[in-house]
Amino acid sequence: MSYLRNRAGLVVTVIGLAIIAFLLGDIISYGTPFWMKNQNQVGSVNGESIDYQVFNAQVDQTTAMYQQQMGGTSSPQMRNYAVQQVWNQFISQELLKQEIEKIGLSVGRDELNSLVSGTNPSPQIVQAFTNPQTGVFDKTQLNTFLSQINSQGTPEMRQQWEMLLENIRNERLNEKYSNLLTNSVYVTSLEAQEEYNQRNKLANFKYLMLDYSSVKDSEIKLTDADYKAYYDAHKNTFDNPEETRTIEYVLIDSRATANDTAATKSVIEQLKSELINSTTDSLFAAVNSDTKYPFAYIRKGQVSPALDSVIFNAPIGTTVGPFLSQDRFEVAKVVDAKFSPDSVKASHILLNTTAEGGIDKAQAKADSIKRLIQQGESFSALAIQFSLDEGSKINGGDLGTFPRGQMVPEFDEAVFSGKAGDVVIVNSRFGTHIIRIEKQIGNSKIVKAAIVDKVINSGKATTDAAYAKANNFFGDVNSKNFAEVANKQSTTVHKAERVVPMDNTFNGVEVPRDLVRWAFEAKEGEVSERIFDTEDNFIIARVVNIQPKGTLSLEAVKPQIEARVRNEVKAKMLTEKLNNALSGASSIDQVAQKLEKTAVDIENIVMANPVLPGIAMEPAVVGTAFGLQPNKLSKAVKGEQGVYAVQVTGFVNPAELVASDMNNQKQQMQTSKAQRSWGAIYQALQHKADIHDNRIRFY
């Protein structure tokens, strides 16, 4: 039940298989300001756009799913996750759909019929028409349903069937595309042998290192030419896939103080006294609790650890607490206790009470369906025909196995209080349910408790003091004196580097979307036009730098490459020093003696793991060693931690690969290569695509 429990809705095609793991990077395209074109488009991929209404409906569904899974109320962060997921799915679906169309893949009529009613039907058909009692695919149910939909199917039934067929078609197309790519990957015997050698051939060698840290930073004077040389050599690493901003900001703390905590504790203690004497416990809790807990039986683990450790051992009628739980105080009155199954497996058919003409008519229809079930009619077929719940009807109404607390209270009470085999009718805020209890598992104590909590919020005095401080800063600051005013008012200036349009945090601190939206409309150097606020802080910000999409300029990357450029200059100095010592030397020990150092002797190093023990990853050094003849001195090698000289003392070659081992090696490499290829292919499609992202306008 998509809105009653923690499971996904209608079976949907898994787009792109393993590609979804690589959907972490968006591509945002700016040219003409987004607000000047395509007013209702959230974005587009190669000209194929998605309308805001469609996109937002999917965001609402995804947010609701997150809310069910995580519990509690919807939060801005939860909604932001939903926006990101729906956007990623839109990009992946469009890219794959366009690529499949381009190469001409299709699913013919006979092929689709075979996937529905052939000897090897689609997994979606198998799932939809599996008998929940036997767990076996029931072709009779499928044939009955096909007969019904052809002879007496409603428009809604036909629409749902077409949706299922479209999902099956898409699943098959994606499978074909996946097979096409997988079959294009191969590994030669030479590649397999090289991989085997890299993992098993051992090198024993001596090395000498001149550490970069041996040259003081103060001795190095970097020039523009030094920066430019490094920048030109590494230009391809400075690609900015989307426009970013650097923002400096101050946080004025408005969180609750010790006085606010004491005041909240006083309130909850008074409420505890009133709850002890209350004769309408559920009403009292509903009126006075900040969190509206359902007045229903709960199992262990459903409440905070403090309450959980007490209420299952407290006598009926006892009021416990107050307990401090994160940001709130809690009290609870134990109203009842009993033993109940730990979990239940059930199926249901959901009717729309309003569409049926009211509770009485919905009840009458539910009674009729119940009689058909009791007379032996297929529950699965009836669920597909009548159920409103898109998430379970495709599975014949099967909800799987779930613990107490995942369903609405009325549903919970029916399935946990009944017995296996019962068919019961229940009304909830979602409609009228015809439920069949398939199985009950376990038996544990449950408790019904009236729970009252009070969140520790900042009082007026705390908020007013914080706002006054923020207002003083805001009144004095301008685009040129941000740091100066902060220092004068003993306020820390924070900096958020590379902020992207859909960020909702700066360095882990939650910020309002209005602030991010302002930052991407502001000019460089501009100070926020107002004080922004969150539950914990007042925020004033300034745009320090704007990095456009594309290759970043040298000036933009200068601060982040300074340490690397300094090491490049040191490397030149140390290389010259080391090469002078290498001149005329026949062994690395002679070189070490000239430099008043000691050569380090290491053994059993493999190419696949180029680590120098006690130093770091040094692929250039290890690679040089494997390219040397024994006892031959290398030239100076520029590494990550310093400049090195290497002399190999010997190699240990692995045993020859026999034919069977060679085949295993090739198979393992091919599997790994095929898995990695998905990511590379998707990234290539994404990089090549013309993707416009206008989400910041709407979210």
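Tutor: On a 1 Å grid over the protein atoms alone, a cavity is a set of points where a 1.4 Å probe fits but cannot get out, and lining residues have an atom within 4 Å of a point. Grid points are joined across faces, edges and corners, and a volume is the space filled by probe spheres set on the points. By that rule the structure holds three cavities of 30 Å³ or more. This is a predicted model, in which local features need pLDDT of at least 70 and side-chain atom pairs count only at pLDDT 80 or more, while totals for chains, interfaces and linings use all residues. Residues are numbered from 1 along each chain as its sequence is written, and side-chain values use heavy atoms, with hydrogens and water left out.

Student: How does the radius of gyration of the protein stand against that of a compact globule?

Tutor: The radius is taken over C-alpha atoms, and the globule rule is 2.2 Å times the number of residues to the power 0.38. For 699 residues a compact globule would come near 27 Å, but the protein has 34 Å. Along the principal axes, its C-alpha atoms fill a box of roughly 100 × 75 × 60 Å.

Student: Why is Val107 called buried?

Tutor: Buried means under 20% relative accessible area, exposed over 50%, and partly exposed in between (1.4 Å probe, protein chains only). Val107 has a relative accessible area of 15%, and is therefore buried, as are 44% of the 699 residues of the protein. Val107 sits in the loop between helix H2 (76-103) and helix H3 (109-117). Leaving aside neighbours within four places in sequence, Val107 is in contact (heavy atoms within 4.5 Å) with Leu112, Arg169, Arg172, Leu173 and Lys176. Val107 and Leu173 are 66 residues apart in sequence, yet 6.9 Å apart in space, C-alpha to C-alpha.

Student: Why do Gln326 and Ser490 count as exposed?

Tutor: Gln326 counts as exposed because its relative accessibility is 79%, and Ser490 because its relative accessible area is 63%. Gln326 lies in the loop between S9 and strand S10 (328-340), and Ser490 in the loop between helix H17 (482-488) and strand S16 (493-499). Gln326 has a positive phi of about 55° although it is not a glycine, and for Ser490, likewise not a glycine, phi is positive at about 55°.

Student: What kind of peptide bond joins Gly321 and Pro322?

Tutor: The bond is cis, with omega about 5°, and Pro322 lies in strand S9 (residues 319-325).

Technical notes: 1 Å grid on protein atoms, 1.4 Å probe; cavity = no way out; pocket = protein on both sides within 12 Å on 5 of 7 lines; lining within 4 Å. Helix = DSSP H or I, 4+ residues; strand = E, 2+ residues; numbered from the N terminus.
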